[in-house]
Amino acid sequence: VEIAIYNVVGQKIRTLVSGFERAGYRYAVWDGRDDNGRGVHTGVYFSLMQTEGFRATQKLMLLK
């Protein structure tokens, strides 16, 4: 499973989950920071969750 955050240009900003997860309900929280710990700007971002046989994208709005 991989859950990542991308900006509108398509650059990966943050990886929230990367690795094996058992089936079931999980949640991931993004604190508005990139992989280096720096805060990102207010705006539109996209979350991408993908597994071997599944892929879903969701539009996010970050407000500060």
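Reader: How many salt bridges does the count come to in this protein?

Author: Before the number, the general idea is that side chains of opposite charge can pair when their charged atoms come close. In this structure, which is a predicted model, the count comes to six salt bridges, and we can go through several of them once the overall layout is clear.

Reader: Then let us begin with the layout: how many helices and how many strands does the protein have?

Author: The protein has zero helices and four strands, so that, read from the N terminus on, its elements run β-β-β-β. As for extent, the C-alpha trace spans about 35 × 20 × 20 Å along its principal axes.

Reader: What share of the residues counts as buried, and what is the accessible surface made of?

Author: A residue is called buried when its relative accessible area is under 20%, and by that cut-off 27% of the 64 residues of the protein are buried. The accessible surface comes to about 5100 Å², and carbon and sulfur atoms account for 51% of that area.

Reader: What share of the contacts joins residues at least 24 apart?

Author: Taking the contacts between residues at least 6 apart in sequence, 29% join residues that are at least 24 apart.

Reader: Returning to charge, how many positive and how many negative side chains are there, and how far apart do the centres of the two sets lie?

Author: There are 9 positive and 6 negative side chains, and the centres of the two sets lie 5 Å apart.

Reader: Which side chain does Glu 2 meet in a salt bridge?

Author: The side chain of Glu 2 meets that of Lys 12, with a distance of 3.6 Å from N to O. This pair links distant parts of the chain, for Glu 2 belongs to strand S1 and Lys 12 to strand S2, which covers residues 12-18, and the two are 10 residues apart.

Reader: Why is Glu 2 counted as buried?

Author: The cut-off for buried is under 20% relative accessible area, and Glu 2 is counted as buried because its relative accessibility is 19%.

Reader: Where does Asp 35 lie, and which parts of the chain does its pair with Arg 14 tie together?

Author: The side chains of Asp 35 and Arg 14 meet in a salt bridge at 3.9 Å, N to O. Asp 35 sits in the loop between S2 and strand S3 (43-50), while Arg 14 sits in strand S2, and therefore the pair ties together parts that are 21 residues apart in sequence. Asp 35 is partly exposed at 48% relative accessibility, and Arg 14 is also partly exposed, at 21%.

Reader: Which residues are linked in a network of salt bridges?

Author: The network links Arg 14, Asp 31, Arg 33 and Asp 35. Within it, the side chains of Arg 33 and Asp 31 meet at 3.9 Å, N to O; Arg 33 is partly exposed with a relative accessible area of 39%, and Asp 31 is partly exposed with 49%.

Reader: Turning from charged to nonpolar side chains, which residues form a nonpolar patch on the surface?

Author: A nonpolar patch on the surface is formed by Val 1, Met 49 and Phe 54, which together have about 230 Å² of accessible area. Val 1 lies in the segment before strand S1 (2-7), and with a relative accessible area of 34% it is partly exposed.

Reader: Is Ser 47 buried or exposed, and which residues is it in contact with?

Author: Ser 47, which lies in strand S3, counts as buried at 15% relative accessibility. If its neighbours within four places in sequence are left aside, Ser 47 is in contact with Ala 4, Ile 5, Ala 56, Thr 57, Gln 58 and Leu 60.

Reader: Where does Tyr 25 lie, and is it buried or exposed?

Author: Tyr 25 lies in the loop between S2 and S3, and at 83% relative accessibility it counts as exposed. Its C-alpha atom is 15 Å in space from that of Phe 54, and the two residues are 29 apart in sequence. Phe 20 lies in the loop between S2 and S3 as well, and it is exposed with a relative accessible area of 73%. The C-alpha atoms of Phe 20 and Val 44 are separated by 28 Å, and these residues are 24 apart along the chain.

Note on methods. Residues are numbered from 1 along each chain as its sequence is written. This is a predicted model: local features need pLDDT of at least 70, side-chain atom pairs count only at pLDDT 80 or more; totals for chains, interfaces and linings use all residues. Side-chain values use heavy atoms; hydrogens and water are left out. Patches are made of residues with over 30% relative accessible area and no salt bridge: like charges are joined within 9 Å, nonpolar side chains (Val, Leu, Ile, Met, Phe, Trp, Tyr) within 5 Å. Accessible areas come from the Shrake-Rupley method with a 1.4 Å probe; for residues, only the protein chains shown count as cover. A salt bridge is a side-chain nitrogen of Lys or Arg within 4 Å of a carboxyl oxygen of Asp or Glu. Buried means under 20% relative accessible area, exposed over 50%, partly exposed in between (1.4 Å probe, protein chains only). Contact means heavy atoms within 4.5 Å. Lys and Arg count as positive and Asp and Glu as negative; His and the chain ends are not counted. The place of a charge is taken as NZ of Lys, CZ of Arg, CG of Asp or CD of Glu.
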